[in-house]
Amino acid sequence: MSTTQLDHVLGLKCLICGAEYQPDEVLYVCPHHGNEGVLDVVYDYRRIGQRLSPQALAQDSTLSIWRYLPLLPVEPEVVARVRPVGARLPHHPLFSVGWTPLYESPTLAQELGLAAVYVKNDGLNPSASFKDRASAIAVIKALELGRRVIAAASTGNAASSLAALSASLGLKNIIFVPAAAPQAKIAQLLIFGATVLAVRGSYDQAFDLCLEASQTYGWYNRNTAYNPYMSEGKKTAAYEIVEQLGWEVPDRVFVGVGDGCIIGGLYKGFSDLLALGWIDRMPRLMGVQAAGSAAMVQAWQAGMDPMAMEPIEAHTIADSISAGLPRDRIKAMRAVVESDGAYIAVTDEEILAAMPVLARKAGVFAEPAGAAPYAGLVKAVREGLVGPQERVVVLATGNGLKDVSSAMKAAGTSHIIEPSLEAVRRVIPS
Ligand SMILES: *Cc1c(COP(=O)(O)O)cnc(C)c1O
Ligand SMILES: [Zn+2]
């Protein structure tokens, strides 16, 4: 790998000790802190500002995360290798990642008494979740390094996303998931040809096992908060929100939090835009957790140092945000504290209640973790945390089809009838 092509990346900075490394010096974490030493990518914003501007973006017809290529830590030549210059059609789902729709819902705004409610439907990504934003970067990094096998531990979506984006490039995947992951997510893994190791244990155990095996076998590793580039893919949602709102900053963004990589990535994205001078303030980031997996909520309420957090036993229907010890807790805590946001816990019942509301009032069918942010918004409004003049974004991170059995718990039941008009009339009298 030649560093000159990554000339907009100044280094990788350890969140614990502040040590800075060149991108070709370390692959994953700060060598002084083992697996805890999460790194943050540091950019040369002056150089990026010379290559990209809101005006240039307005002229760009690339409707995916790649419209922000000068802000991503990848070699443009490697991206171009997958998408040959001049090709009329994309050659790969990598080029459909991101630029998901942001819907305005006047109905929800009116119901909640807010100035505006926007729902970003990231369930429309190629593998039907937000995780594609990060997996896209993982795939390009593996190609940069000439690696053919990528391993990941996942509650389901990170892995199914990696499998969807790797398969047709000839990259192999070894996946570690908790054996209890929803069937649809396992089906995605298998159909794309990943080797699936369903671990009899928690996500946290699958995570540690995946790291150990990756080191033993020499696989490239996509694990959240271990691979420093995953936040960098996730940050693209922040760029899109602001650009889709005409470079206006919303007052708050509500997002589900498991490991905390998405919320940390959003913070990074908004920080990039501030550093470039393209926006003049940060939205408040509102981290929403399931009550049965609320490690960040508890630590935030107690004003605790995220490195002092202890693992809890996580139980929630929202499998994608079930994490006993959030792996990206340093970035996740910083995001909420520095943006003057908050952490909120919602019960599984509140999450289930949010699913049909989001579907019926905003037209978005989200899996439980994707509906949790809306449940968090409802609670925040009820508790007077959000004022009536505010404009808020809800990030629906995963498609409802990912977990049909949870959806059925929330959706109500069908009428089973005989094949006669009489039977229809019994259900619908006139
Ligand atoms: C992974 C995931 C989340 C949570 O992201 P973290 O980075 O783990 O906090 C939320 N929703 C969905 C659908 C996800 O797949
Ligand atoms: Zn360090």
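Predicted model: local features only at pLDDT ≥ 70, side-chain atom pairs only at ≥ 80, totals over all residues.

Trainee: Noted. How many bridges pair β6 with β7, and in which sense?
Mentor: Five bridges, in the parallel sense. Strand β6 covers residues 149-153 and strand β7 covers residues 172-178.

Trainee: And what is the strand order in that sheet?
Mentor: The order is β8-β7-β6-β9, an open sheet of four strands with parallel pairing. At the edges are β8 (195-199) and β9 (220-221); each has a single partner strand, so one side of each has no neighbour in the sheet.

Trainee: What about the sheet with β1 in it, what order do its strands take?
Mentor: That open sheet has three strands, ordered β2-β1-β3, and the pairing is antiparallel. Here β2 (20-21) and β3 (39-43) take the edges, each with a single partner strand, so one side of each is left without a neighbour in the sheet.

Trainee: How is β1 joined to β3?
Mentor: By five bridges, with β1 (residues 9-14) and β3 running antiparallel. As one example, Gly11 stands opposite Val42 in β3.

Trainee: Switching to the metal: which residues coordinate the zinc ion (ligand 2)?
Mentor: Cys14, Cys17 and Cys30 through SG, plus His33 through ND1, at 2.2 to 2.4 Å. In sequence, the donor residues follow the spacing C-x2-C-x12-C-x2-H.

Trainee: What's the geometry at the zinc ion (ligand 2)?
Mentor: The site is tetrahedral, and the angles among the four donor atoms are 99 to 125 degrees.

Trainee: Cys14 and Cys17 are both donors. Is Cys14 buried or exposed?
Mentor: Cys14 is buried, at 3% relative accessibility.

Trainee: Okay, salt bridges now. How many does the structure hold?
Mentor: There are 23. One of them joins the side chains of Arg47 and Asp44, at 3.5 Å from N to O. Arg47 is partly exposed at 26%, while Asp44 is buried at 13%.

Trainee: What does Glu232 pair with?
Mentor: Glu232 forms a salt bridge with Lys268, and the closest N and O atoms are 2.7 Å apart. Glu232 is in helix α9 (residues 230-234) and Lys268 is in helix α11 (residues 261-275), so this pair ties together parts that are 36 residues apart in sequence.

Trainee: And how accessible is Glu232?
Mentor: Its relative accessible area is 0%, so Glu232 is buried. Lys268 also counts as buried, at 7%.

Trainee: Which residue does Arg281 meet in a salt bridge?
Mentor: Asp251, at 3.6 Å from N to O. This pair links distant parts of the chain, 30 residues apart: Arg281 is in the loop between α11 and β11 (284-290), and Asp251 is in the loop between α10 (236-244) and β10 (252-256). Arg281 is partly exposed, at 36%.

Trainee: Which residues do shared partners join into one network?
Mentor: Asp40, Glu232, Lys235, Lys268, Asp272 and Arg334 are joined that way by salt bridges.

Trainee: Last one: which residues make the nonpolar surface patch of about 400 Å²?
Mentor: Ile417, Leu421, Val424, Val427 and Ile428. Of these, Ile428 sits in the segment after α17 (421-427).

Methods
Residues numbered from 1 in each chain as written. Chains lettered and ligands numbered in written order. Heavy atoms only, no water. Patch = residues over 30% accessible without salt bridge, like charges linked within 9 Å, V, L, I, M, F, W, Y side chains within 5 Å. Areas by Shrake-Rupley, 256 points an atom, 1.4 Å probe, with all protein chains shown as cover. Salt bridge = Lys/Arg side-chain N within 4 Å of Asp/Glu carboxyl O. Helix = DSSP H or I, 4+ residues; strand = E, 2+ residues; numbered from the N terminus. Pairing = 2+ DSSP bridges. Donors = N, O, S within 2.8 Å, 3.2 Å for Na, K, Ca; no water. Tetrahedral: all angles 85-135°; square planar, octahedral: opposite > 155°, others 65-115°. Buried < 20%, exposed > 50% of the residue type's maximum accessible area, 1.4 Å probe, protein only.
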